[in-house]
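Trainee: Could you walk me through this model and the terms used to describe it?

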Amino acid sequence: MPAHAGFDIAKDFHWLAVTDDRGRQLCSRRVDNDPEAIDRAISDLKAVAADHGDVTVGLDVMGGVTALVTAMLLAAGLRMVHVPGLAVNRARRGTRGGENKSDPRDARVIAEQVMLRDDLRAVQVPDETTIELRLLVGHRTVLVKEATARINRLRDLLASIHPGLEKATDPTNKSSLILLAHYVTPSEIRRAGTSRITDYLRKHGVKQPTAEALAQAAVTSAHTQRTTVAGEHRTAELIRELASDLLTGKNRLLALQTEIEELVDVHPDGALIRSLPGMGATLTAAVGDIRRFFSGDALTAASGLAPVLTQSAKIRYSRSATGGDKALKRIFYQSAFCAMPNHPRSRAFYDRKRGEGKRHHQALIALARRRINVLYAILRDRFTRFLPDCGIPPRDCHVRPDLGGRRRVAHVGPHPPRRPRAVVGVLRVVGCAGARERVQRADGPVPEASTAGRIHR
């Protein structure tokens, strides 16, 4: 009889609850977030396994503060699964007194979810390259957000004392930051003059035409403003500090990007993911092991891009999903947005969806959905060569055999299609033009099949 354990994760200490196969509690205690306490908890779990059989451990949080306990539990050979925090919250609120929240209560709910559900994702030892890539990509995101905040602050300060210079410069460019790191107020710019500012910019690596144009614009704005604003000196010091920090941050981002590219080059999925336009290091870090998704549909659902069915009695409709991994959803949507104007096949698919009456947002989601199928097929089959016209891997095309000698339907996608509904007349496939199958009726042409192989009548 197997046992089930639940860890309610926190920063300073965790809470462990263990139940048997009938939901009776066997253990409930605090586990400090240090190696000795976790090792004692592992000994208790092994003792429970000796009496009741295999123990499956559920965690409600992944990454971050769970790194130590996850590594030690995996090293001990215990099977682990991830129980989403939302599932824990909903399950607890569905019990008697569910509005009362506590660590022991949540840990027991996690253990009960492990006992009741067989669709929880197993936690595996992460690949070192993937972990490093995920850390670097996350750090790059933080640096970019900090740089954006500094740029906005710099613009605000500069507009308060020298509006003309704020219009003449662009803090996102390195040349403007080099200027603002030394020359800010109208008086010091007038004293320096065009030639001295140009020489300063040239010594710091700015090209001659850019240096001359920027120096001339700065001097012109300085001669336009003759009024001194209160607090100008202190504000100028803050602007110089922000400009210097932004220059340092730019150099760090360049070095970080080089490290990320090196990791993507050695990652087993890096070349495959980058073979699709608009996809790169961020997606490589976010997807992880593709084997945790059993199909392209599962990856789509995990990303929150699959429609959600709502049905009650005679009411039945589909709506956009509100759940899913927000990071994956943003990555797939943005990659589709970037690929649409630059990749001919993506543009053709987008235009076709727009021609079908879809709005811009709907057409982009449809494109992202299609690209997920292609990505999953590439990572599953380790195969990058595409059909010349359709952009789908050849081994990803399946043809359903004739049903009773009457019809056959071609399908493009990662899995064979479901049994098609009955159609009137005899159908035969006469070719594959991209993601659309040209279908012809024995007595005349019929509309083309959809991207999923279903026939529109």
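Mentor: Gladly! Helices (H or I, at least four residues) and strands (E, at least two) are DSSP runs, numbered from the N terminus. By that count the protein has 16 helices and 13 strands. This is a predicted model, in which local features need pLDDT of at least 70, side-chain atom pairs count only at pLDDT 80 or more, and totals for chains, interfaces and linings use all residues. Residues are numbered from 1 along each chain as its sequence is written, and side-chain values use heavy atoms, leaving out hydrogens and water.

Trainee: Why is H13 called oblique to H16?

Mentor: The axes of H13 (residues 296–303) and H16 (residues 360–381) cross at roughly 130° and come within 9 Å. Angles under 35 degrees count as roughly parallel, over 145 as roughly antiparallel, 65 to 115 as roughly perpendicular and the rest as oblique. That makes H13 oblique to H16.

Trainee: Which residues make the contact of H13 and H16?

Mentor: With contact meaning heavy atoms within 4.5 Å, H13 brings Gly-296, Asp-297, Leu-299, Thr-300 and Ser-303, and H16 brings Arg-369, Ile-372, Asn-373 and Tyr-376.

Trainee: What makes a nonpolar core?

Mentor: Such a core is a set of buried (under 20% relative accessible area, 1.4 Å probe, protein chains only) Ala, Val, Leu, Ile, Met, Phe, Trp, Tyr and Cys residues joined through side-chain atoms within 4.5 Å. The largest has 31 residues, and Leu-201 is one of those touching the most other members. Another core, of 29 residues, lies apart from it and includes Met-279 and Ile-331.

Note on methods
Axes fitted to C-alpha atoms, helices over the stretch in contact; angles between N-to-C directions. Buried < 20%, exposed > 50% of the residue type's maximum accessible area, 1.4 Å probe, protein only.
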